[in-house]
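Visitor: I have just opened this model and would like a tour. Could you walk me through it?

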Amino acid sequence: PANEMRLRAVLSRQKKFLDVVKALQKFGKSCTIRISMEDVLLAVNAGSVTEPQIWASLKSQGADGNCVFQTLRIESLMRNQIAFDIDISLLERALKSCEPAEKASVKLSKKSTTAYLSFEIIVQSVPMMTIIQDVPIALLSGEDVENFHEPSVQTPAVQLSAPPLKSVFSIVERLKSLDCKILLRANMMGELSLGVETDLVFLNNVWTDLSPPDALRVQNEDKGQHGEANIDAGILSRLTSSHFLRPSSTFCCIGDHSSGKLLIWHMILGEDSLTYYLPVLETS
C-alpha cells in the first residue's frame with residue numbers, strides 16, 4: 001500500500017533519464033519502474049515471450065549530476081524498493097516539463113485509491129512559478145517486485161562489439177525498404193553482417209574486425225563459433241534509432257532463452273546501460 005511507502009527525490013539536471021524514456025517509448029505504451037537507493041530499473045514488456053523486452057539500468061543518485069536524482073529518500077517494506085507501472089507518454093511529458101525548471105522534485109502521493117508520482121517543478125520567473133504535475137501509477141506487490149528481473153539467457157556462443165549504432169541504423173533503414181525481416185549473422189572471427197535474402201533480392205552488408213567484449217577475449221578461444229537470427233525489420237529499426245543516446249559502446253549476441261532464441265543488443269551509457277532482448281523469427 002502507498003501509505004507504507006515513502007519516496008521523495010530531487011531530479012538531477014541531466015537529460016539521460018528523459019532520453020532513455022524516449023527510447024523505451026518506441027516499444028510500448030507503459031513501462032515498469034523499480035526504484036532503489038542503488039539504481040532505477042525500467043522495463044518495457046517485462047516477462048513477454050512474444051514482444052521485445054527492453055531494460056534500462058540507471059544509477060539512482062549522486063552529486064556528480066550523472067544520476068537520475070540529486071538526492072533520494074525512499075522507504076518501503078520491500079527492502080526500501082518501490083516498483084510501479086506507468087504510462088510512458090505521461091512520464092515523458094512530466095520529464096519534459098522539468099527541463100527548464102530551476103528545481104524539480106518528485107514524491108509518491110495518494111489521492112483516494114490512486115497512487116501518483118507528483119512532480120513539483122519550480123520555474124524561474126517573476127514571480128517564481130511552481131507547477132504540480134501528477135502522473136498516476138499502479139504500485140506493484142512485493143511478489144511482483146521479487147519477480148522483476150531481466151530474462152535469464154544461457155551464455156551466448158557469439159558475442160561481439162557492435163558497429164557504431166548510427167551506421168547500423170542507416171543500413172537497417174535501407175534493408176527495411178526491401179523486406180520485412182533482416183538476417184543477422186555473426187561469428188567470433190569478428191564478422192557481423194546484416195542482409196536481406198529473398199527470391200528477388202540478395203543484399204548483404206558486412207562489418208569486420210569487431211572484437212568480443214573484454215571479458216571474453218581470453219576465455220573464448222573458439223573463433224569458429226557463429227550464429228544467425230532473422231529479426232523483424234521494424235523492430236530492428238526502432239532499436240537502432242536510439243543512436244541519439246550516443247552509447248559509449250555496444251555489444252550484440254545471440255542467446256538461448258526458455259522461450260526460444262533471442263538477439264540481445266546491449267548499450268553502455270557511461271555508468272548506465274540499456275539492453276534489448278529481441279525474439280528471433282522462425283526461418284521460413
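Visitor: Which elements do the buried residues of H1 pack against?

Guide: Happy to start there, with a word on the model first: it is predicted, local features need pLDDT of at least 70, side-chain atom pairs count only at pLDDT 80 or more, and totals for chains, interfaces and linings use all residues. Residues are numbered from 1 along each chain as its sequence is written, and side-chain values use heavy atoms, with hydrogens and water left out. In H1, 7 of the 10 residues are buried (under 20% relative accessible area with a 1.4 Å probe, protein chains only; exposed is over 50%, partly exposed in between). The packing partners of these buried residues are strands E1 (6–11), E3 (39–44), E4 (53–59), E16 (260–269) and E17 (272–279), together with H2.

Visitor: Which residues in H1 are buried?

Guide: Helices here are DSSP runs of H or I with at least four residues, strands are E runs of at least two, and both are numbered from the N terminus. H1 is mostly covered. Its buried residues are Phe 17, Leu 18, Asp 19, Val 20, Val 21, Ala 23 and Leu 24.

Visitor: Is H1 roughly parallel or antiparallel to H2?

Guide: H1 spans residues 16–25 and H2 spans residues 88–98; they pack at about 155° with axes 10 Å apart (axes are lines fitted to C-alpha atoms, for helices over the stretch in contact, and angles run from 0 to 180 degrees between N-to-C directions). Angles under 35 degrees count as roughly parallel, over 145 as roughly antiparallel, 65 to 115 as roughly perpendicular and the rest as oblique. The angle therefore makes H1, relative to H2, roughly antiparallel.

Visitor: Which residues in H2 does H1 meet?

Guide: Contact means heavy atoms within 4.5 Å. From H1 come Phe 17, Leu 18, Val 21, Lys 22, Leu 24 and Gln 25, and they meet Ile 88, Ser 89, Leu 91, Glu 92, Leu 95 and Lys 96 in H2.

Visitor: With which side chain does the side chain of Thr 32 make a polar contact?

Guide: Thr 32 sits in strand E2, residues 30–35, and is buried because its relative accessible area is 11%. Leaving aside residues up to four places away in sequence, Thr 32 touches Leu 41, Leu 42, Ala 43, Phe 84, Asp 85, Leu 140 and Phe 148. A polar contact is a pair of N or O atoms within 3.5 Å; within protein, one must be able to donate a hydrogen and the other to accept it, and residues adjacent in sequence count only if both atoms are side-chain atoms. For Thr 32, at 2.6 Å, the partner is the side chain of Asp 85.

Visitor: Is Asn 187 buried or exposed?

Guide: Asn 187 belongs to strand E11, residues 181–187. Its side chain makes a polar contact with that of Glu 191 at 2.8 Å, and, not counting residues up to four places away in sequence, Asn 187 touches Val 158, Leu 160, Gln 225 and His 226. Because its relative accessibility is 14%, Asn 187 counts as buried.

Visitor: How far apart in space are His 257 and Phe 27?

Guide: His 257 is in strand E15, residues 249–257. In sequence, His 257 and Phe 27 are 230 residues apart. From C-alpha to C-alpha, their separation in space is 20 Å.
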